[in-house]
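Me: I would like to learn how to read a protein structure feature by feature. Could you give me the general idea each time, and then the case at hand?

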Amino acid sequence: MIPGMSGDPQVYLNGEFTPLSQAKVSVLDRGFIFGDGIYEVVPVYGRKPFRMGHHLARLRRSLEAVRIANPHDQAGWEDLVGKLIATSDAPDQIVYLQVTRGVARRDHAFPADAVPTVFGMATPFAWPGAELREQGVRAVSMPDERWLHCEIKSTSLLGNVLARQFAVDRDAVETVMFRDGFLSEGSSSNVWVVKNGVLVAPERNHLILEGIRYGFIQEMAAARGIPLEMRKIAQAEVEAADELMLSSATKEILPIVSLDGKPVGAGRPGPVYAQLRQSYDEAIAALARRVG
Ligand code: PDD
């Protein structure tokens, strides 16, 4: 049994669907040897992928950035995601997609003729429960020790893994990272600040992954008339925030109510979070209603 996995779902590997227990890649796969690959995480509600076009566009950008040939066109990816959704009975799922540079003799330089390894898997989506949504989560902070191409959704995630464990070791849900004294993002989420009714996000650049929820929250804020600034955010501003939030495919949008043991604002989810949460839930409900 694989720790944390229940059952033996069908997964996709290099053109075939096979039980997870049978899906094998070579130890010389460059994903295994070098972390030389990229990935995507697409949430599915009511068996409908949410903002799939955005996820596939980011997948394309990641592949281009690391110079791996895109193994599928848009229709091919959409078809694959549809087939992955069909492997599970769960209405809400997380679809994981990964492409590595493939299998070759170990050499840092790109192999001349390796064929990319393509893996896909759908798992039931345990979205954040009412307690997390209504009471918020604890976060801790640490310096951002990752490389300088955080805009690429790369499987080389050691920096993110260590940052996430830093939170777990301190009984927190997320680690908020600062590079040179300015907010970058969470170990596996984007981070949002609210001060005096203004929503503030770090600007989109190579220091953060542009979450698909980044653009979505931007749209929701505009629709609700919440002012949004995208700029460098000093650590002191984060520490003095009225509200903090995190966003990701798996965490959706969650209020951070304490940072490094100190309450954020009033120490409970704030009004800007409440508005964004409502918009998020409405968007999901609208998507799920389209089923059947
Ligand atoms: N991670 N920043 C980082 C470093 C992330 O790993 C993620 C998501 C995000 C938010 O992106 P999005 O809104 O597209 O999920 C930001 C996914 C969920 C993961 O690695 O599992």
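Reply: Let us begin with the polar contact, which is a pair of N or O atoms within 3.5 Å; within protein, one atom must be able to donate a hydrogen and the other to accept it, and residues adjacent in sequence count only if both atoms are side-chain atoms. In this structure, a polar atom of the side chain of Asp92 lies 2.8 Å from the backbone nitrogen of Gly46, and the side chain of Asp92 also makes a polar contact of 2.8 Å with the side chain of Trp127. Before we go on, please keep in mind that this is a predicted model, in which local features need pLDDT of at least 70 and side-chain atom pairs count only at pLDDT 80 or more, while totals for chains, interfaces and linings use all residues. Residues are numbered from 1 along each chain as its sequence is written, and side-chain values use heavy atoms, with hydrogens and water left out.

Me: Where is Asp92 found, and is Asp92 buried or exposed?

Reply: Helices (H or I, at least four residues) and strands (E, at least two) are DSSP runs, numbered from the N terminus, and Asp92 is found in the loop between α3 and β5. For burial, we call a residue buried under 20% relative accessible area, exposed over 50%, and partly exposed in between, using a 1.4 Å probe and protein chains only. Asp92 has 18% relative accessibility, and therefore counts as buried.

Me: Which residues does Asp92 touch?

Reply: A contact means heavy atoms within 4.5 Å. Not counting residues up to four places away in sequence, Asp92 touches Val44, Tyr45, Gly46, Thr123, Pro124, Phe125 and Trp127. Lys153, by comparison, is 61 residues from Asp92 in sequence and 23 Å from it in space, C-alpha to C-alpha.

Me: What can I learn from Gln93?

Reply: Gln93 has its place in strand β5 (residues 93–100), and it counts as buried because its relative accessibility is 0%. A polar atom of its side chain lies 2.8 Å from the backbone oxygen of Ala90 and 3.5 Å from the backbone oxygen of Ser88. Among the residues that Gln93 touches, leaving aside those up to four places away in sequence, are Val42, Arg47, Leu84 and Phe125.

Me: How should I read a salt bridge, and how many are there in the whole structure?

Reply: Side chains of opposite charge can pair when their charged atoms come close. We count a salt bridge when a side-chain nitrogen of Lys or Arg is within 4 Å of a carboxyl oxygen of Asp or Glu, and a search of the whole structure finds 15 of them. One of these joins Glu40 and Arg58, whose closest N and O atoms are 2.7 Å apart. This pair links distant parts of the chain, with Glu40 in strand β3 and Arg58 in helix α2 (residues 52–66), 18 residues apart. Glu40 is buried because its relative accessible area is 0%, and Arg58 is buried too, with 5%.

Me: What about the salt bridge between Lys195 and Asp242?

Reply: There the closest N and O atoms of Lys195 and Asp242 are 3.5 Å apart. This pair also links distant parts of the chain, since Lys195 is in strand β10 (residues 190–195) and Asp242 in the loop between α7 (235–239) and β13 (243–248), 47 residues apart. Lys195 counts as partly exposed at 35% relative accessibility, and Asp242 counts as partly exposed at 31%. Elsewhere, salt bridges that share partners join Asp144, Arg146, Arg179 and Glu185 into one network.

Me: How do I check the length of a helix such as α3?

Reply: The expected span of a helix is 1.5 Å times one less than its number of residues. Helix α3 (residues 74–86) has 13 residues and should therefore span 18 Å, which agrees with the 19 Å between its end C-alpha atoms. An α-helix has 3.6 residues a turn, so residues three or four places apart point the same way. In α3 the buried residues are Gly76, Trp77, Leu80, Val81, Leu84 and Ile85.

Me: Which residue takes a positive phi just after α6?

Reply: That residue is Gly225, whose phi is about 70°.
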